[in-house]
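Here are my notes for someone opening this structure for the first time. Have a look at it, then read the points in order.

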Number of protein chains: 2
Amino acid sequence: MDRGELKLYGAWASPYVLHVRLALKLKGLDYDYVEENLANKSAALLRLNPVHRKVPVLLHGDRPIAESAAILEYIDETWPRRFPLMPADPRERAAVRFWCHFAADKMIPSLIAILRSADEAQRAAAVGEVRENLELLEDELREGFFRGRRFFGCEKLGFLDIVLGVDAHFLRGVTEVAEVDLGEDFPSFTSWLREFEAQPEVQEVLPPSDTIVDFLRGYRRRILAQA
Amino acid sequence: MDRGELKLYGAWASPYVLHVRLALKLKGLDYDYVEENLANKSAALLRLNPVHRKVPVLLHGDRPIAESAAILEYIDETWPRRFPLMPADPRERAAVRFWCHFAADKMIPSLIAILRSADEAQRAAAVGEVRENLELLEDELREGFFRGRRFFGCEKLGFLDIVLGVDAHFLRGVTEVAEVDLGEDFPSFTSWLREFEAQPEVQEVLPPSDTIVDFLRGYRRRILAQA
């Protein structure tokens with residue numbers, strides 16, 4: 001196995017990039033980090049990911065790996081013994097992949113819909129979607145495959161904690177910017193998220209809440225100005 | 001490992017269901033098949049996949065697995081020695097996952113856009129997208145990671161052949177329905193697709209082209225009638 005140097009092309013406020021940074025941190029892997037200007041992407045990024053032209057791209061030696069979920073699997077498969085991220089059981093792996101897909105397919109779009117909502121009706125619809133998604137996660141934590149666990153990865157953070165945790169951390173910022181009160185309706189989800197955010201590796205990798213809120217506020221302002 | 005009975009909930013004209021059927025066929029696994037009426041889904045399907053309420057769902061004993069990509073990985077991880085679908089090398093696995101994501105994220109949406117196009121401008125834009133996607137695949141087959149191979153899985157069909165092959169078979173139907181002529185612009189792609197379609201397992205699993213064309217024609221007619 002060629003261990004080569006690791007270099008990550010990212011953007012500080014991308015949840016997908018933060019998934020990869022947190023995975024690398026948990027694995028204890030050092031890497032060079034290149035912050036991309038998404039309004040003016042580097043020639044290197046366009047060459048390394050000509051199909052999607054997106055961050056994150058992980059360069060391992062001379063091999064570029066793109067798509068955040070594929071990067072996480074790659075990291076875990078290349079360094080399987082250091083802090084395993086994926087469970088060993090195929091059924092559990094399928095559940096992890098299912099909920100990762102849910103995060104990308106349902107959670108993130110509902111957050112973006114809140115930030116882009118131009119009037120109260122749009123905002124209410126997007127908040128309704130977020131609530132529906134959180135109910136599904138709450139049910140999963142209470143009664144589903146992962147019930148009764150401290151983390152999805154059991155006693156330690158795992159693949160699904162990384163993905164859902166980073167995304168949920170952004171959700172917290174979105175609710176603040178859009179003044180959404182989720183109340184006490186999702187106690188299992190909330191207590192899992194608090195435990196996630198309290199982990200030292202998470203605190204080292206995630207930008208402070210205030211910084212995320214400022215970024216999301218700016219994003220919302222730009223969207224509304226264009227509308 | 002509990003081997004249990006396998007039951008697949010599907011819909012005959014869903015490419016995602018056909019990915020799973022082809023994987024099961026290549027693995028030589030027997031299963032019961034339940035055809036769902038997507039306009040009136042069964043209580044069993046809604047109970048087994050409450051989050052997305054979609055086919056395919058694979059029931060293995062009493063364990064439901066949903067999301068077609070997660071199902072394929074599950075099948076391969078549960079029966080790893082029979083006709084392996086995923087390559088062993090992490091870099092190659094990452095490339096397979098990257099292009100599977102490309103199929104779901106770019107190819108399928110561009111096909112649907114052609115079928116839903118209500119005027120010439122929309123149709124031309126959708127055809128342009130399909131061409132762009134095929135150029136990316138053509139480049140990959142010629143110069144990319146998988147260059148010079150008979151199949152993405154080398155000498156035998158693999159994970160990525162299943163996904164891209166089924167989707168490309170539908171693409172062929174879409175071009176016929178929408179009278180799109182792709183000409184001779186994608187020779188490596190076309191010759192790979194021909195080889196894929198000539199495999200006996202593929203011929204056993206895929207519905208005949210005429211049946212797919214009739215289905216797609218009906219789909220397009222219903223969409224245009226609603227517009």
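1. **Ground rules.** This is a predicted model, where local features need pLDDT of at least 70, side-chain atom pairs count only at pLDDT 80 or more, and totals for chains, interfaces and linings use all residues. Residues are numbered from 1 along each chain as its sequence is written, chains are lettered from A and ligands numbered from 1 in the order in which they are written, and side-chain values use heavy atoms, with hydrogens and water left out.

2. **Two annotated stretches.** Residues 4-83 of chain A are 38% helix and 21% strand, with end C-alpha atoms 20 Å apart. For residues 89-215 of chain A, the figures are 75% helix, 0% strand and 39 Å. Helices (H or I, at least four residues) and strands (E, at least two) are DSSP runs, numbered from the N terminus.

3. **The sheet.** In chain A, 4 strands make an open, mixed sheet in the order β2-β1-β3-β4. The edges belong to β2 (32-35) and β4 (63-66) of chain A, each with a single partner strand, so one side of each has no neighbour in the sheet. On average, neighbouring strands of this sheet are turned by 20 degrees against each other, direction ignored. Axes are lines fitted to C-alpha atoms (for helices over the stretch in contact), and angles run from 0 to 180 degrees between N-to-C directions.

4. **Strand β1.** How do the partners of β1(A) line up? β1 (residues 6-10) of chain A pairs with β2(A) in the parallel sense over 4 bridges, while β1(A) and β3(A) pair in the antiparallel sense over 4 bridges. Two strands count as paired if DSSP finds at least two bridges between them. Y9(A) has V34(A) as its bridge partner in β2(A), and L8(A) has L58(A) in β3(A). Since 4 of the 5 residues of β1(A) are buried, this strand is largely enclosed by the rest of the structure. Buried means under 20% relative accessible area, exposed over 50%, and partly exposed in between (1.4 Å probe, protein chains only).

5. **The core.** The largest nonpolar core has 152 residues, and F189(A) and F189(B) touch the most other members. Such a core is a set of buried Ala, Val, Leu, Ile, Met, Phe, Trp, Tyr and Cys residues joined through side-chain atoms within 4.5 Å.

6. **Charged pairs.** Over all chains there are 26 salt bridges (a side-chain nitrogen of Lys or Arg within 4 Å of a carboxyl oxygen of Asp or Glu). One joins R97(A) and E73(B), at 3.4 Å from N to O; this pair crosses between chains, from helix α4 (residues 90-116) of chain A to helix α3 (residues 68-78) of chain B. Both R97(A) and E73(B) are buried. E73(B) also meets R97(B) at 2.8 Å, N to O. That pair ties together parts 24 residues apart in sequence, because E73(B) lies in helix α3 and R97(B) in helix α4 of chain B.

7. Which residues are linked in a network of salt bridges? They are E73, E77, R93 and R97 of chain A, together with E73, E77, R93 and R97 of chain B.
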